[in-house]
Amino acid sequence: MTAATQDIILQVTGLGKRFGGVDAVANVDLDVYRHETLAIIGPNGAGKTTFYNLLSGRMHPSSGRIVYEGRDITGMPPHEISRLGISRSFQINNIFEEMTVRENVEVAVTALRGEGRRWHNVASRNRDVQADADALLERLSLSELADQRAGVISYGDKRLVEIAVVLATRPKLVLLDEPTAGMTPDETQRVMQLVKSLGQSGDYTFLITEHDMNVVFGLADRILVMHRGQKLVLGTPEEVRAHPEVRRAYLGTADEEMAP
Ligand SMILES: Nc1ncnc2c1ncn2[C@@H]1O[C@H](COP(=O)(O)OP(=O)(O)OP(=O)(O)O)[C@@H](O)[C@H]1O
Ligand SMILES: [Mg+2]
């Protein structure tokens with residue numbers, strides 16, 4: 001596909017968020033193509049999480065516009081944005097530890113159907129919900145853990161359950177905030193493979209923030225480098241790898257890692 005024919009799922013223009021005197025996100029323009037995996041990198045405090053908070057409606061932008069599938073969603077509340085198909089994971093693990101793995105996913109599936117308040121009654125007799133949850137667990141290779149209490153499974157598996165919960169809302173655009181943070185190398189590989197195969201399935205568009213450069217360069221179709229809230233560089237992994245400003249401003253200490 002050429003750039004001209006690519007379908008834009010999300011169009012961000014002049015997006016900004018100011019906290020006191022700090023521009024956490026500053027005048028960011030970005031077109032996200034449908035079905036791409038776009039990594040967002042940048043040092044601590046670059047504005048990555050704030051950018052997600054703006055896209056998902058958790059925070060109101062100080063300036064700019066967010067258009068999703070042709071609709072202006074700037075300033076919409078999170079539940080409406082989620083209903084339109086944008087779903088996010090959090091930097092901190094965010095699942096119900098007392099529930100089983102399957103129940104965690106069922107709650108998310110049920111919430112999508114607007115039956116959240118009656119989850120216990122509904123889920124116990126709603127085979128569709130269970131079937132949806134089981135299909136998702138299978139897709140994420142979590143079936144064996146379905147009946148385990150989420151609190152007792154490994155940290156890496158918890159983060160996978162969190163991704164299952166995100167996908168249970170049937171999003172089109174998925175925002176993953178450091179999904180491999182704190183993971184062992186094996187766990188990181190597993191998540192990376194999973195996101196890659198989900199991306200290739202053509203069912204999702206992914207934005208993913210990540211500190212591990214191996215993960216980023218192995219996974220992303222394009223990379224957005226943020227620095228002090230601004231868009232520093234946007235391009236293919238090759239373009240970003242070669243960019244002198246990126247090496248200097250962000251990857252200065254990672255030159256060896258970045259060397260071709
Ligand atoms: N709720 C808030 N109130 C005030 N300042 C904030 C708030 N959230 C973020 N900031 C500031 O905005 C800037 C960007 O923070 P943000 O968390 O978006 O960065 P990040 O790129 O996600 O960093 P990290 O890699 O550490 O997760 C930082 O200077 C941060 O201190
Ligand atoms: Mg962050």
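Me: Which element gives the most to the lining of the largest cavity?
Reply: Rolling a probe the size of a water molecule over the atoms shows where empty space is left. On a 1 Å grid over the protein atoms alone, a cavity is a set of points where a 1.4 Å probe fits but cannot get out, and a residue lines it if it has an atom within 4 Å of a point. In this predicted model, helix H8 gives the most to the lining of the largest cavity, with 3 residues. Helices (H or I, at least four residues) and strands (E, at least two) are DSSP runs, numbered from the N terminus.

Me: Which residues line the largest cavity, and what is its volume?
Reply: A volume is the space filled by probe spheres set on the grid points, which are joined across faces, edges and corners. The largest cavity has a volume of about 30 Å³, and the structure holds 1 cavity of 30 Å³ or more. Its lining consists of Thr37, Ala39, Ile208, Glu210, Val215, Val216, Leu219 and Ala220. By class, 6 of these residues are nonpolar, 1 is polar and 1 is charged. Here Ala, Val, Leu, Ile, Met, Phe, Trp, Tyr, Cys and Pro count as nonpolar, Asp, Glu, Lys and Arg as charged, and the others, Gly among them, as polar.

Me: How should I read the numbering and the limits of the model?
Reply: Residues are numbered from 1 along each chain as its sequence is written, while chains are lettered from A and ligands numbered from 1 in the order in which they are written. Because this is a predicted model, local features need pLDDT of at least 70 and side-chain atom pairs count only at pLDDT 80 or more, whereas totals for chains, interfaces and linings use all residues; side-chain values use heavy atoms, with hydrogens and water left out.

Me: How much space lies in the largest pocket?
Reply: A pocket is an open set of points with protein on both sides within 12 Å along at least five of seven lines. The largest pocket holds about 700 Å³ of space. It is lined by 24 residues, of which Ser82, Ser87, Arg88, Val165 and Thr169 are the closest to its centre. Helix H2 (78-84), strand E6 (86-88), helix H3 (101-112) and helix H6 (155-168) each give two or more residues to the lining. That lining divides into 12 nonpolar, 8 polar and 4 charged residues.

Me: Which residues line the second largest pocket?
Reply: The second largest pocket, with a volume of about 160 Å³, is lined by Val109, Ala131, Asp132, Ala135, Leu136, Arg139, Leu167, Ala168, Arg170 and Tyr204. Helix H5 (127-139) and H6 each supply at least two residues of this lining, and H5 gives the most, with 5 residues. There are 7 nonpolar, no polar and 3 charged residues in the lining.

Me: Why is H6 largely enclosed by the rest of the structure?
Reply: A residue is buried under 20% relative accessible area, exposed over 50%, and partly exposed in between (1.4 Å probe, protein chains only). H6 is largely enclosed because 12 of its 14 residues are buried. Among them are Asp157, Lys158, Arg159 and Glu162, along with Leu160, Val161 and Ile163. Across the protein, 48% of the 260 residues count as buried, and the protein has 11 helices and 10 strands.

Me: Where does a positive phi occur just after H6?
Reply: Most residues other than glycine have a negative phi. Just after H6, Arg170 takes a positive phi of about 55 degrees. Arg170 also belongs to the lining of the second largest pocket.

Me: Is Ser141 buried or exposed, and what is its phi?
Reply: Ser141 lies in the loop between H5 and H6 and counts as exposed because its relative accessibility is 55%. The phi of Ser141 is near 55 degrees, a positive value in a residue other than glycine.

Me: Where is His35 found?
Reply: His35 is found in the loop between strand E2 (22-33) and E3. Although His35 is not a glycine, its phi is positive, at about 75 degrees. With a relative accessibility of 40%, His35 counts as partly exposed.
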